[in-house]
Amino acid sequence: YYQGAKKFSSDIIVRITADDPFKDFNLMDDVVRKIVSENFDFCYNNKPATYPEGLDIEAFTFKSLEKAALESKDSFEHEHMTQYLHRHPELFKTGSLQHTSNLSQLRWTIDTQDDYTMACKVFDHFQKINKDTTFLMADILDLLEKNPEIAQINSQVQRSFMYKG
């Protein structure tokens, strides 16, 4: 992250992971707007958890990323680079975006076979409607409300320990 942000002279970086296929660009925009409007170093929507796991958004300034990259000596923090920011809130001005209702019991990430099965059901549904369609959080919530059995597929999988709280 640090080398890429440095190469492209990035001011704000948004962390996106490959195991979260349902990222919502509107939610990303909300977090970025919050980091800019409130002059945060680091802004996220996963502490406290109110969004489905997999819709985690973390945005941070280049300055805070650089501090984390240069000061952290912990290999876990280098692999999961925002952990330095989470573990040292005294060093950064942080903000949290929370949903109006708690949706943290939902799991929209892929760490297990059940997660993959659930994700396939969601993708299959939207591909049947229109192969070129973009679907976002509200669309998935609507699908799960009409088909609660889809959300049950991976409901027993525990939320990642990194973002509990």
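Asp30 is partly exposed, with a relative accessible area of 32%. This residue opens a short tour of a predicted model.

## Salt bridges

How many salt bridges does the structure hold? The count is eleven. Three of them are set out here.

| Asp30 | Arg33 | 2.8 Å |

Take Asp30 and Arg33, whose side chains meet in a salt bridge. Both belong to helix α2, which covers residues 25–37. They are three residues apart there, so about one helical turn separates them.

Helix α3 has a pair of its own. It spans residues 62–71 and carries both Lys67 and Glu71. Because these two are four residues apart in the helix, they too are separated by about one helical turn. Glu71 is partly exposed, at 38% relative accessible area. Lys67 is also partly exposed, at 27%.

Are Asp115 and Arg107 buried or exposed? Both are buried. Their salt bridge belongs to a network: shared partners link Glu53, Arg107, Asp111 and Asp115.

## The sheet

Four strands make up an open sheet. Their order is β1-β3-β2-β4, and the pairing is mixed. Which strands stand at the edges? They are β1 (12–15) and β4 (94–96). Each has a single partner strand, so one side of each is left without a neighbour in the sheet. From one strand to the next, the twist averages 15°.

Look now at β1 and its partner β3, residues 58–61. The two run antiparallel and are joined over four bridges. Val14 has Ala59 of β3 as its bridge partner. Helix α3 packs on this sheet and touches both β1 and β3. The direction of α3 makes about 90° with that of β3.

Ile13 and Arg15 lie on the covered face. Ile12 and Val14 lie on the uncovered one.

A loop connects β2 (42–44) to β3, and Asn46 is found in that loop. The side chain of Asn46 makes a polar contact of 3.4 Å with the side chain of Glu58.

## Two packed helices

Two packed helices are described by the angle between their axes and the distance between the axes. Here the pair is α6, residues 113–129, and α7, residues 137–146. They pack at an angle of about 100°. Their axes are 11 Å apart. How do the two helices lie, roughly parallel or roughly perpendicular? They are roughly perpendicular to each other, because angles from 65 to 115 degrees are counted that way.

Which residues meet where the helices pack? From α6 come Met118, Val122, His125 and Phe126. From α7 come Asp139, Ile140, Leu143 and Leu144.

Note on methods: Residues are numbered from 1 along each chain as its sequence is written. This is a predicted model: local features need pLDDT of at least 70, side-chain atom pairs count only at pLDDT 80 or more; totals for chains, interfaces and linings use all residues. Side-chain values use heavy atoms; hydrogens and water are left out. A salt bridge is a side-chain nitrogen of Lys or Arg within 4 Å of a carboxyl oxygen of Asp or Glu. Buried means under 20% relative accessible area, exposed over 50%, partly exposed in between (1.4 Å probe, protein chains only). Two strands pair if DSSP finds at least two bridges between them. Axes are lines fitted to C-alpha atoms, for helices over the stretch in contact, and angles run from 0 to 180 degrees between N-to-C directions. Contact means heavy atoms within 4.5 Å. A polar contact is a pair of N or O atoms within 3.5 Å; within protein, one must be able to donate a hydrogen and the other to accept it, and residues adjacent in sequence count only if both atoms are side-chain atoms. Angles under 35 degrees count as roughly parallel, over 145 as roughly antiparallel, 65 to 115 as roughly perpendicular and the rest as oblique.
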